[in-house]
Amino acid sequence: MSGANGVTETREPMLELDEIHVYYGNIAAVKGLSLTVYPGEIVTLIGSNGAGKSTTLRAISGLLPVRRGTVTFQGRKLNGVADHEVVRRGIAHSPEGRRIFPKMTVDENLDMGAFLRKDKEGIAEDREMILELFPRLRERISQKAGTMSGGEQQMLAVGRAMMARPQLLLLDEPSMGLAPVLVDVIFETIVRIREQGTTVLLVEQNALAALEVADRAYVLESGSLKLHGPADELAEDQEIVSAYLGG
Amino acid sequence: MASKSVSVPHRLRWPLGYTAVAVLVFLAYYYVIPNLGPDAQTFFRNWLPLTSVNEALVWVICALGLNIVVGYAGLLDLGFVAFWAIGGYVAGWLMSGKFYDVNFNFLGGASGPGIHISFWLVLIVGGAFCALWGVIIGAPTLRLKSDYLALVTLGFGEIIPQVFLNGDNIGGFNLTNGAQGITPVDPIAIGSTKLGPFDLVWKYLIFVGIAALVVFITLRLREGRLGRAWLAIREDELAASMMGVPLMRTKLAAYAVGAVAGGLGGVAFATHVNGVLPDRFNFSISITLLAMVVLGGMGNVWGVILGALVLAWINSTGLPQFGTSFNDQFGTNVNFPSYNFLLFGGILVLMMLFRREGILPESRTRLILKEPSRTDMESLHADMEEAAPELDEDLEPVIAADGTGEKA
């Protein structure tokens with residue numbers, strides 16, 4: 001699936017983090033992390049609890065300030081850009097814990113995902129594409145989202161983020177709290193999302209599954225980069241497997 | 001969801017219903033009641049005088065404004081009386097002899113020294129001025145999380161009436177006449193006719209019209225982009241922001257639109273009681289408005305209208321009248337109106353126990369209460385139960401399609 005490192009690095013990066021530091025109050029959650037995402041890739045951030053994975057995503061989407069270092073997206077600096085502006089620039093974030101709108105219907109939730117868009121035809125097209133991707137959502141289209149099962153809510157959260165027609169999709173723990181059968185469905189969908197031209201930055205605790213779909217992976221440990229490389233190589237690395245994959 | 005096949009188009013349904021009720025009430029007070037026997041007339045004069053209807057309509061206008069802030073955007077506002085007061089004082093300044101050294105008359109309802117501007121223009125100015133103040137008050141406060149926001153709005157609700165109460169000497173300038181307030185306020189002028197103190201039916205029509213305007217604006221906003229943004233903020237602020245909803249601007253819009261309704265109500269109230277008095281604008285008004293919204297059904301325009309009409313009537317007429325009848329009957333001397341908050345409190349407690357969603361709840365709330373959101377464990381369980389057999393069949397084609405690189 002993925003090329004060797006040399007192949008990918010000749011392209012212009014889509015997203016570039018350069019030595020970023022992110023704090024919660026006085027506590028550094030991310031310390032000098034650098035990473036690069038190229039267009040059309042699935043890149044995964046793995047690591048144990050509290051390694052700074054979700055924090056990194058939040059910093060990219062403007063939910064947390066980047067104290068030092070720079071975030072560059074498509075050649076433009078993203079530091080200090082408000083979260084609702086980041087969406088406009090082409091980054092959609094499907095957050096940890098799904099955070100769907102429980103009292104809105106599935107349809108209204110999808111509609112909210114396209115909040116900034118004005119192209120009615122494009123929105124209808126994407127809505128159709130997402131309902132193809134998640135047939136379960138079509139069945140429940142006028143159901144209140146809060147009454148759906150966890151897997152369905154996760155599908156909705158991913159679908160809603162896709163409604164923004166992002167160039168880069170940030171997925172935070174899409175498999176968390178899901179029954180194993182649904183985890184497979186979610187990961188299959190991530191692959192299909194990339195095939196439709198969306199770049200994916202995926203944060204996962206389920207590292208094994210993440211490495212299976214990703215092109216490249218970054219392993220974080222207490223806020224810093226431990227190592228990175230092509231996903232298939234990392235999956236075979238004995239040290240990684242024993243340390244992070246529970247192998 | 002799916003509308004039933006009634007011959008009346010969906011869009012016209014509420015305006016027709018609203019107009020029908022408004023016209024019926026008008027006809028009742030204009031033709032029917034004056035032609036009834038003396039007993040029936042006394043009954044209506046005691047239990048349902050037109051002044052109490054008019055006053056209830058002012059409450060409706062203000063409650064609809066508060067509903068936008070609390071019911072739609074989910075921002076708790078404990079100081080809504082501030083906008084009612086500001087609207088009232090705008091009417092006081094622009095429709096009276098208060099500034100007697102200025103002589104300005106523009107289609108006003110009175111002549112002589114002072115500023116006398118047409119009621120209709122003052123409505124617009126009052127609404128706009130309140131919107132401005134909504135933004136001024138909102139901008140620093142709306143950054144706060146909900147509990148703190150409630151406290152700060154409470155503060156502003158106290159400060160603004162105090163400013164009016166003590167505004168008779170602002171660096172030597174008398175802005176508000178202090179505790180005396182500004183009386184009288186000009187009568188409403190329609191062309192060359194001026195509505196006197198006994199033209200209550202016409203005032204009723206005007207107030208019903210203002211309320212209709214507020215209902216119209218509220219419903220239109222709700223259906224639009226702004227309405228969806230408010231709803232999203234009410235449900236999950238962070239998620240809304242991630243969808244691209246600018247939080248500050250959207251909340252400020254709720255505050256400003258709500259304030260406009262408060263201003264319209266304030267101007268209407270000033271003409272209703274023929275003056276503005278600072279001691280009328282106290283905390284109990286904010287609380288009563290909030291009770292109307294909660295009682296009627298937060299977020300549902302019709303529920304809020306019902307709640308406002310009922311509570312306003314109990315307050316102005318129902319309770320005093322019941323007290324009089326009770327005292328006459330049993331020879332007691334209980335001051336019933338002074339127990340109004342005991343009654344409201346009791347009603348609210350009962351509502352929270354037995355009908356949390358209000359008398360006429362918003363359809364969203366009704367549905368979710370009937371079928372509550374699942375907890376994490378419940379939804380995990382549901383996935384196992386529901387999804388497993390279906391997914392076993394589904395999984396294969398998904399993987400196959402993956403290889404073909406299917407595009408939508």
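**Sheet, helices and confidence**

Reader: Which residue is the bridge partner of T72(A) in β5(A)?
Author: The model discussed here is predicted. Strand β4 of chain A, residues 66-73, pairs with β5(A) in the antiparallel sense over two bridges. In β5(A), T72(A) has as its bridge partner K77(A).

Reader: Which are the edge strands of the open sheet in chain A?
Author: Four strands of chain A form this open sheet, with antiparallel pairing and the order β2-β1-β4-β5. An edge strand pairs on one side only, and in chain A these are β2 (27-37) and β5 (76-77).

Reader: What angle does the direction of helix α2(A) make with that of β2(A)?
Author: Helix α2 of chain A, residues 53-60, packs on the sheet and touches β1 (15-24), β2 and β4 of that chain. With the direction of β2(A), the direction of α2(A) makes an angle of about 70°.

Reader: Why are the buried residues of α4(A) on the same side of the helix?
Author: In α4 of chain A, residues 106-113, the buried residues are V106(A), N109(A), L110(A), M112(A) and G113(A). They lie on the same side of α4(A) because they cover, around the axis, an arc of only 155°.

Reader: Over which residues of chain B is the pLDDT below 50?
Author: Chain B has a mean pLDDT of 87, and 88% of its residues reach 70 or more. One stretch has 16 contacts in the model beyond near neighbours in sequence, yet its pLDDT is below 50: residues 390-408 of chain B.

Key:
Residues numbered from 1 in each chain as written. Chains lettered and ligands numbered in written order. Predicted model: local features only at pLDDT ≥ 70, side-chain atom pairs only at ≥ 80, totals over all residues. Pairing = 2+ DSSP bridges. Contact = placed C-beta atoms within 7 Å. Axes fitted to C-alpha atoms, helices over the stretch in contact; angles between N-to-C directions. pLDDT = per-residue confidence, 0-100. Buried ≥ 20, exposed ≤ 12 C-beta atoms within 10 Å, placed from the backbone. Arc of directions from axis to C-beta.
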